[in-house]
Every structure is written in C-alpha cells, then in structure tokens.
Amino acid sequence: MTRFFVFTLAYLCTYTSIAQHAEELLNLYYQGEYSSVTNILVDDELLEPEALFIIANAFHKLEDYESALMYYEMCEGSASDLDDYFLNRAICEISVGDLVSAERHLFLHEDFVGDHPMVHYYFSVIDFEVMEYKSSLATLEMAIELNPEYYEAWYLKGAIYIETEQYEKGAACFNQVLEINPTHSSSELNLAICQIYLKEYNEAFNMLDYIINQNSDLKAEALFYRGEANFYMHNKAKACEDWQKASFLGDTFADKNVKLICEKGKDSKHKPRKITRMAL
C-alpha cells in the first residue's frame with residue numbers, strides 16, 4: 001500500500017508541481033527540519049528519486065533507520081545519479097547491524113569516489129563492530145593518512161585501544177581528537193577513563209570536574225568515574241558521594257556500587273566497570 005504523510009507545510013500542497021518537491025525538501029533538510037521533510041503529503045509513487053533520497057536521509061537523521069532503509073530501497077534504481085547514495089545507505093545499515101549489506105554498498109561507493117578517508121573509516125567501523133581490531137586499526141591508518149584532521153578516525157582508534165586496555169595509546173588518540181575538535185566531550189570522558197587506569201588521578205579529576213560542571217549528557221558517567229578515582233585513592237567517603245549522585249541520575253553501575261560497597265561495606269567486591277562499547 002502506498003504510504004501518505006500528514007500534511008504540515010502549506011507551500012508543499014498538492015498544487016505544487018512534483019518537480020519542485022526535491023528542491024523544497026532539500027531546503028528544509030539543510031535547515032535541519034527533518035521532521036518537516038518526512039511529513040510531506042504526496043503519493044510516494046509520484047515522487048522523483050531525488051525527493052525519495054532526501055526523505056530517506058531525513059529519516060536517517062531522525063534515527064528512524066527502518067523507514068530510512070525503506071526509502072533508500074525506493075530510489076535504488078537511480079542510485080548512480082544520487083551523490084553519496086551508497087555511503088548513506090551503508091551507514092544506515094551499519095546502524096541496524098546489517099554489516100554484510102553495508103560492506104557491499106561501501107564497495108559500490110568506493111567505485112565512484114576512489115581512495116577516500118570516509119570509505120576507509122566506515123570499513124574500519126564494520127571491523128570494529130565484529131571485534132576485528134587489528135584490521136580496523138590498519139584501515140584507520142589509511143583514513144588518517146589521507147586526512148590527518150579526521151577526528152572521527154582518531155576517536156575510533158582511541159576506542160579500539162580502550163577496548164583492548166591499551167590506555168596510554170588510547171589517551172594519545174583522545175588528546176589528538178581534542179586538538180582537532182576541543183569540544184568533543186566523549187573524548188574528554190574517555191581520556192579521563194584512560195588517565196584513571198594509568199593512575200594519573202589528578203589529570204583525571206580535572207577532566208571529570210570539567211565535564212560534571214558543564215551539566216552535559218555525560219554527567220552521570222563522569223560522576224561514576226570520579227567515584228572510581230576516589231575509590232582507587234582510598235577515599236571511600238568521596239567515592240560513595242559521587243556514586244550516589246550518579247545513581248540518582250540513573251547510572252546503574254553507580255547504583256550497584258552504592259548498594260554493595262557503600263551500604264554493605266563489601267569493598268573487596270569492587271570490580272572495574274566494563275566499558276560500554278562506544279557509540280560512534
């Protein structure tokens with residue numbers, strides 16, 4: 001059955017010619033009005049491939065990956081005429097875990113753009129997802145060689161080192177990210193984690209205090225790790241204070257420490273937090 005969308009934009013009415021839709025949608029897309037792009041009242045079968053592709057990208061931005069893939073499928077026949085079609089579809093497929101199809105579309109994108117850092121980066125993401133870390137690192141080196149300022153590649157490289165407990169190398173990568181992009185908060189947090197396991201507690205406290213005072217989305221996790229640093233420095237009272245704050249903000253690892261260590265006094269049961277696989 002053909003899908004219709006709720007009508008929300010007066011100037012995208014049924015009297016607008018079909019040929020105008022791609023331009024109108026593209027303007028909305030570049031303004032960040034992704035929901036408006038997906039709310040057009042036009043029969044899908046009447047839309048040209050360019051418009052379908054823009055709608056697919058908007059759903060992708062909204063993290064509605066299933067809808068995005070549905071629209072990528074609709075315009076596949078004109079893929080060679082759509083810039084970054086194969087790359088965007090591959091990224092979406094990585095998000096839903098369809099790594100085989102993602103790899104195939106990356107190869108197709110490579111046929112059009114040649115040796116490009118983004119192609120190497122997303123091949124390395126696929127290797128990272130299946131824990132082929134050696135291969136992922138080798139591909140990242142190619143991406144960084146082509147673009148030394150590609151901070152996403154440096155971040156993924158740091159992620160691999162932190163996954164494999166090579167904290168000194170991880171710290172170097174996260175520092176490199178912050179040189180390129182000083183506001184990359186995830187690198188700030190992961191640098192602090194590396195510093196804790198390297199026993200560089202003062203540096204870790206400085207970074208974690210900064211994150212906590214920014215009231216960022218990473219506040220709960222930063223509080224947890226500040227508690228960890230305090231615990232390793234044998235300051236249990238401060239550790240429990242931080243874990244309680246983190247628990248109040250919804251951090252389940254902190255809640256476990258509060259119950260096990262702070263309330264029951266089972267300090268010997270403390271275990272390092274298993275670092276969550278990083279969101280890329």
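Predicted model: local features only at pLDDT ≥ 70, side-chain atom pairs only at ≥ 80, totals over all residues.
I started with the surface: the protein chain has an accessible surface of about 14900 Å², and 50% of that belongs to carbon and sulfur atoms. Areas here are Shrake-Rupley values with a 1.4 Å probe, and for residues only the protein chains shown count as cover.

Residues are numbered from 1 along each chain as its sequence is written, and side-chain values use heavy atoms, with hydrogens and water left out.

**Fold**

I looked up the secondary structure and got 15 helices and 0 strands. Both are DSSP runs numbered from the N terminus (helices: H or I, at least four residues; strands: E, at least two). Of the 280 residues, 48% are buried; buried means under 20% relative accessible area, exposed over 50%, and partly exposed in between (1.4 Å probe, protein chains only).

Next I checked the largest pocket, which has a volume of about 1100 Å³. Its lining has 32 residues, and His60, Lys61, Asn88, Ile91 and Tyr122 are the closest to its centre. A pocket is an open set of points on a 1 Å grid over the protein atoms alone, where a 1.4 Å probe fits, with protein on both sides within 12 Å along at least five of seven lines; lining residues have an atom within 4 Å of a point. The volume is the space filled by probe spheres set on the points, which are joined across faces, edges and corners. Helix α3 gives the largest share of the lining, 6 residues.

**Salt bridges**

I found 10 salt bridges in the whole structure, each being a side-chain nitrogen of Lys or Arg within 4 Å of a carboxyl oxygen of Asp or Glu.

Which partners does Arg89 have? I noted Glu76, with the closest N and O atoms 3.6 Å apart, and Glu93, at 3.2 Å. Arg89 is buried at 4% relative accessibility, whereas Glu76 is partly exposed at 33%. Arg89 and Glu93 sit about one helical turn apart because they are 4 residues apart in helix α5.

I also looked at Asp251 and Arg273, whose side chains meet in a salt bridge (3.2 Å, N to O). Asp251 is in the loop between α14 and α15 and Arg273 in the segment after α15, so this pair ties together parts 22 residues apart in sequence. Asp251 and Arg273 are both buried.
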